[in-house]
Amino acid sequence: MNVMPEPVLEITDVRKRYGDLAALGGVSLAVEAGVVFGLLGPNGAGKTTLLSIAAGLLRADSGTVKLFGKPFSRDTRELRHLVGMGTQDLSIYPDLTARENLRFFGKLYGLRSRALESRVDEVLGAVGLTDRANDRAGTFSGGMKRRLNLAAAVVHGPKLLFLDEPTAGVDPQSRNHIFEQVKALNAAGLTVIYTSHYMEEVQALCARIAILDGGTLRACDTLPNLLKRLDARVQIEVTNAPADFAQRLEAIPGVRRAEGNPSPQPPPLGGEGEHSRTTSHVPHALSSSEGSGSPSPPRGGGWGVGLPSAFSLVVDGVGPALAAVASLCASSGATLASATTTEPTLERVFLNLTGRALRD
Amino acid sequence: MPILTLAAKDLRLLLRDPRSAAILLLTPLLLILVLGLALGEGFGEKPDERLRISVVNLDKGLPPGVMFPKKSWSDVVIDDLSATQDIRLEIITDPAEAERLIARNRRAAVIVFGLEFSARMHASSFLSKGAPGTPDPVNPLGRDGVDFEQLDLKLLTDKTQPVSASVIEQVTQVTLLRVVIPWMIGKAFQRVGDPEFMEQVAGTLRKVKPIPAEVLADLDPIVQELLKTLTSDTEFAGIVLKEFTATKGSNFFKATEDAATIAKRTPEFRRAVHTAFAYPDITGIYEPPLLKRVGANIAFGEVLKPSVQRQVGPAVKAGVGEMFSNYDFEATTWDKLVKRTARAANTANRVEYRDTAGTGVLNRGALRYQILVPSYTVMFAFFLVLSVGWLFVAERKHGTLVRLRAAPLTRGQILMGKLLPCLFVSLAQGLFLLAAGRIIFGMTWGSRPELLLPLVACTSFAAVGLSVLVASVARTETQVAVYGTLVVLVLGGVSGSLMPRDLMPERMKSVSLVTPHAWALDAYAQLLASPTPDVSAVQLSCAALATFGAVFTLLAWWRMDLE
């Protein structure tokens, strides 16, 4: 029997208004221990407000927050040592050295003497700042400051870490370092709530993802389940296709739907940001044109013998479906002229849920 | 413990902020230096319209055994000067300093009582000659009044200030006359009618010989009365009879007969005497006239026998006194001479000279620093508003306030964590400026330097309280600069930090007590400018400053919005 792990953070119907603006309109979610929990949303979606309330920085107008099973609010002091705050903006003293910064924040959480020094050294090493430990933070590059900011968030050894866009505006090296550090921290048992505009980061890091928009929770699920919200599509052009080719395609296991298109240039499936792949002169050689969203032009013939015909398939999985289509073409005397695949991505899911309108 | 952690961090940041060091330490020093060089000697002194008379008193005092006037004559003169309204008497102890002041045109005139002033005053007399064995009398009265030199008194004058010097000289003349004249008249009048005086008169009259006839004529009524009374007296008759009887060749009967004859013929005798006295030239037969011949062997002064002198002397003195009854010529002081109430010496008009100009290029030790240093110490204590404000704003700007809010800290702990290092910095600033004032500008710490510590502490508390209040309201560096500068300058101006509080109208001084600055400045004035500070006033100021600090801090705690 599966025992659901107790959530380290449980947010129930949290609401917050700033004047006439409803920043949060009743958000509920739970974060289980040991996961990296992604929190996505366009600018102004309410992510930072939600994190601030969850971290005890802001008071919610209504709703409850439970941290490790205990009520937690802005006035609660005793659970704060369990929480680390990786802020969106830098939160370090530029006139203190990296070591002084970490010592200070460690002391605020009760670390003292050797334990403090040991922990500071450990964290400095983890973020790659040992060599610059005694330099003032104000002299650091943007990436170094970001790493120090992360170090300051975890120096006291929290159990739950809020990371609000920790890689914003840093170079790829620092970004990768932070990314790896978060993975390491999570591997060490730290629960992480991670917000970012970099979908690939969230997709790669987060076991569970919440998408917030307009102050309301649009989705909260595992990545596979979120991806399932969008179809995987395969578009093919076939010459010498038999008349019942569409029915034959639909009969392939894993193909949920197949439609023949008399037009040699069927309308594209998906759009900007979709992950598409076009294959020509197949079945055995695949070529791709990512992002075009358009199938290759027909190679001759029409609807019937000698003319390329276009088919659109909704499939469970792109890979197995393509193999089966190639096999069908071979067995039915048809020639696969080109194939275009469109797989669901987190970004597609995100845009699908939040729309394409600009938010800033 | 978190408070100390926060405090240590902020203290470190403050110490690393050159901007704060420049504002809090260097700027006030620079301003004090510039103003110390630029301001005149009188800065810090309440404007005094009274005439300043500077005095150097070297007088040795009264000669031994002399009881009057119970103090040195120079003190009598000084008391008289100080009793004069609108005169401020400045006592200079060092004659060389007096000469320097004159040479540097800092005083128009200085009165110098010489060593012998009292002795000369004591010897002052209308007499031209003293008694044997006594020094010659001094006559201090000259053509223009009192001859200073005769009294061993000098008036040092600055030739570049003739008008002021002349005014001071005239005041000195009048005062000396008030002292010298009664002393000399009193002494002289005491001599009138005394035996020596009468003997001197008698001696003079003895030279008048013969006794003038008219004097004898004028004596006729007296002689007649004497004769009448004498001859009618039975005792006199007995004396006559006895005398006649004792005369050789006489007997009792003959004596009785002669006495009876004389008694019988006495009226005619008296008339004859009267005729001789009253009508000395009646016959015109004899030369010289009768009365002249009668008085030819008698000197006028012989009339003034010692018994007569004893009778006449006091009567003469009383007669003169009665004739000039509005005055007491026996008095030796002005008030008694003119029979008026004595003028009381006003010690408040008398001050010890202090060199308020200072020395050297910096005018070290000048009085102005007793005002400037505390003024700018107080004013710049409140410039802490800027440093504290920037400290608070920096927490927001650097995003670290979020971390503080996320940490297990209360709002009070965060506030206290900010307040403590600022208090430390403010204390260090106050002590630094007072020490610099002493070391660099030669300022004194007054007679109760230990009271400066609580005053600095209470001022710092008030300043820090106001600083955190402003910091709790301002959210940007610009706001801090605007609010801070406005608060500091307005409060500084209202309180009297920018100019001496003594120059402010009384009403404004009262109004200015709404500022903590004013309380601090009043306490500093007590401790640094008053030779005998009023400790209770200093305590009251400290209490007021502590109250300001507490109220400001509470308001800051209430206003502070960490979100």
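A residue is taken as buried if 20 or more other C-beta atoms lie within 10 Å of its own, and as exposed if 12 or fewer do. By this criterion, buried residues account for 45% of the 360 residues in chain A of the model, which is a predicted one. Chain A contains 10 helices and 16 strands, and, of the contacts in chain A between residues at least 6 apart in sequence, 72% join residues that are at least 24 apart.

An open sheet of four strands in chain A has the order E2-E1-E4-E5, with antiparallel pairing. Strand E2 (21–32) and strand E5 (70–71) of chain A lie at the edges of this sheet and have a single partner strand each, so that one side of each is left without a neighbour in the sheet. The pairing of strand E4 (residues 62–67) of chain A with E5(A) is antiparallel and extends over two bridges, and within it A:Lys66 has A:Pro71 of E5(A) as its bridge partner. Helix H1 (residues 47–54) of chain A packs on the sheet, where it touches strand E1 (7–18), E2 and E4 of chain A, and the direction of this helix makes about 120 degrees with that of E1(A).

Strand E11 (residues 232–239) of chain A is mostly covered, since eight of its eight residues are buried. In a regular strand the side chains alternate between the two faces of the sheet. Both faces of E11(A) are covered: the buried residues are A:Ala232, A:Val234, A:Ile236 and A:Val238 on one side, and A:Arg233, A:Gln235, A:Glu237 and A:Thr239 on the other. E11(A) is joined by seven bridges to strand E15 (residues 309–315) of chain A, with which it runs antiparallel, and in this pairing A:Val238 stands opposite A:Ser309 of E15(A). E11(A) also pairs in the antiparallel sense with strand E16 (residues 335–343) of chain A, over seven bridges, and here the bridge partner of A:Ile236 is A:Ala339.

The contact between the two chains takes 23 residues from chain A and 17 residues from chain B. On the side of chain B that touches chain A, helix H1 (2–15) and helix H17 (400–406) of chain B each supply at least two residues, and H17(B) gives the most, with five residues. By class, this side of chain B has seven nonpolar, five polar and five charged residues.

The largest nonpolar core has 150 residues, of which A:Ala151, A:Tyr194, B:Phe382, B:Leu384, B:Val385 and B:Leu455 touch the most other members. Helix H19 (452–473) of chain B gives the most to this core, with 13 residues. When residues up to four places away in sequence are not counted, B:Val385 touches B:Leu466, B:Ser467, B:Val470, B:Gly484, B:Val487 and B:Val488.

Helix H23 (residues 535–559) of chain B has 25 residues and reaches 36 Å from its first C-alpha to its last, close to the 36 Å expected at 1.5 Å a residue. The buried residues of H23(B) are B:Val538, B:Ser541, B:Cys542, B:Leu545, B:Phe548, B:Gly549, B:Phe552, B:Thr553 and B:Ala556. An α-helix has 3.6 residues a turn, so residues three or four places apart point the same way. The buried residues of H23(B) pack against helix H18 (411–439), H19 and helix H22 (516–529) of chain B.

Several features of the backbone geometry were also examined. Most residues other than glycine have a negative phi, and most peptide bonds are trans. A cis peptide bond, with omega about 10 degrees, joins B:Phe68 and B:Pro69, and B:Pro69 is placed in the loop between strand E1 (51–57) and helix H3 (73–82) of chain B. Another cis peptide bond joins B:Lys209 and B:Pro210, with omega about 0 degrees, and B:Pro210 is placed in the loop between helix H7 (195–206) and helix H8 (213–218) of chain B. A:Ser113, a residue other than glycine, has a positive phi near 40 degrees; it is found in helix H3 (residues 113–126) of chain A and counts as exposed because 8 C-beta neighbours lie inside 10 Å. B:Asp152 likewise has a positive phi, of about 55 degrees, although it is not a glycine. B:Asp152 is placed in the loop between strand E5 (145–146) and strand E6 (153–157) of chain B, and counts as buried because 22 other C-beta atoms lie within 10 Å.

Key
Residues numbered from 1 in each chain as written. Chains lettered and ligands numbered in written order. Predicted model: local features only at pLDDT ≥ 70, side-chain atom pairs only at ≥ 80, totals over all residues. Contact = placed C-beta atoms within 7 Å. Pairing = 2+ DSSP bridges. Nonpolar A, V, L, I, M, F, W, Y, C, P; charged D, E, K, R; others polar. Axes fitted to C-alpha atoms, helices over the stretch in contact; angles between N-to-C directions. Expected span 1.5 Å × (residues − 1). Core = buried A, V, L, I, M, F, W, Y, C linked by C-beta atoms within 7 Å.
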